[in-house]
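Please take a moment with the sequence and the model below before reading on.

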Amino acid sequence: GNHQYWNRYVDSRKLLPLSCAVDNAYFQQNQFTTKDTFLLKTSLGIRPNHLIFIMVGKLERRKRCLEFIKGLALSKSKSEVTLLLVGDGDLKSEVLETAAEFEVNVVITGFIEPKNIPLYYNLADYGVSIASYDPSPKTLNEGLNFDLPYIVAGPTEIGTVNDLIKEGVNGLIWDSSKPFTY
């Protein structure tokens, strides 16, 4: 899958394998109690019954969090959903303005120490990785350790999509040539 992605840009004879992986054992060793989850959800102001979508990383245009918010706004159940953005970035103000305009529940955590990020994954119901380009998103690998079904951009934006996501089994591949809808 990732090899196919890079073949669009580079002659395959110039490609060499390079390990760039997530320490799955680290993410799988974390054990969280219901109390841990409840306390974090409460501290973030997320209602107990909300479905939580998580995006982890820098808030920047190529991550398409604005498009995702607009897509959530079209849902009949948008009042029962929260988009949890774990990170910070230049788009923070615009994200909050867009969320308010479209009446979508969004929580931005700001920077979180990497050692604490597993608790946020554990809180989520779905992972989201819909960047306009990302050959090997580590957050996708990380979230899959928590059995999160993922929504990913495809078929060409996320290089590892064919390696990691099986449509309808552990995720959905969003055709980014169409508006996102939930």
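Two strands are said to pair if DSSP finds at least two bridges between them, and the strands themselves (E, at least two residues), like the helices (H or I, at least four residues), are DSSP runs numbered from the N terminus. This is a predicted model, in which local features need pLDDT of at least 70 and side-chain atom pairs count only at pLDDT 80 or more, while totals for chains, interfaces and linings use all residues. Residues are numbered from 1 along each chain as its sequence is written, and side-chain values use heavy atoms, with hydrogens and water left out.

Five of the six residues of β1 are buried, so the strand is largely enclosed by the rest of the structure; buried means under 20% relative accessible area, exposed means over 50%, and partly exposed lies in between (1.4 Å probe, protein chains only).

These pairings belong to an open sheet of six strands with parallel pairing, in the order β3-β2-β1-β4-β5-β6. At its edges are β3 (105-108) and β6 (171-175), each of which pairs on one side only. On average, neighbouring strands of the sheet are turned by 25° against each other, direction ignored. Angles elsewhere run from 0 to 180 degrees between N-to-C directions, and axes are lines fitted to C-alpha atoms, for helices over the stretch in contact.

Ser129, which has its place in strand β4, stands opposite Val152 in β5. Is Ser129 buried or exposed? At 7% relative accessibility, Ser129 counts as buried, and, leaving aside its neighbours within four places in sequence, it is in contact (heavy atoms within 4.5 Å) with Pro137, Tyr150, Ile151, Val152, Ala153 and Ile158.

Turning to the helices, the buried residues of α3 (residues 34-43) are Thr37, Leu40 and Lys41. Seen down the axis of α3, these buried residues fall within an arc of 100°, so they line one face of the helix, the arc being that of the directions from the helix axis to the C-beta atoms. An α-helix has 3.6 residues a turn, so residues three or four places apart point the same way. The buried residues of α3 pack against β1 and α6 (117-123), whereas Lys35 and Ser43, on the other side of α3, are exposed.

The axes of α4 and α5 come within 10 Å and cross at roughly 10°. That makes α4 roughly parallel to α5, since angles under 35 degrees count as roughly parallel, over 145 as roughly antiparallel, 65 to 115 as roughly perpendicular and the rest as oblique. Among the residues that meet in this pair are Leu66 and Ile69 of α4 and Val95 and Phe102 of α5.

Finally, some loop residues deserve a look. Glu103, in the loop between α5 and β3, has a positive phi of about 55° although it is not a glycine, and at 59% relative accessibility it counts as exposed. Asp147, in the loop between α7 and β5, is likewise a residue other than glycine with a positive phi, near 55°, and it counts as exposed at 69% relative accessibility. Tyr133, in the loop between β4 and α7 (138-144), is partly exposed, with a relative accessible area of 48%.
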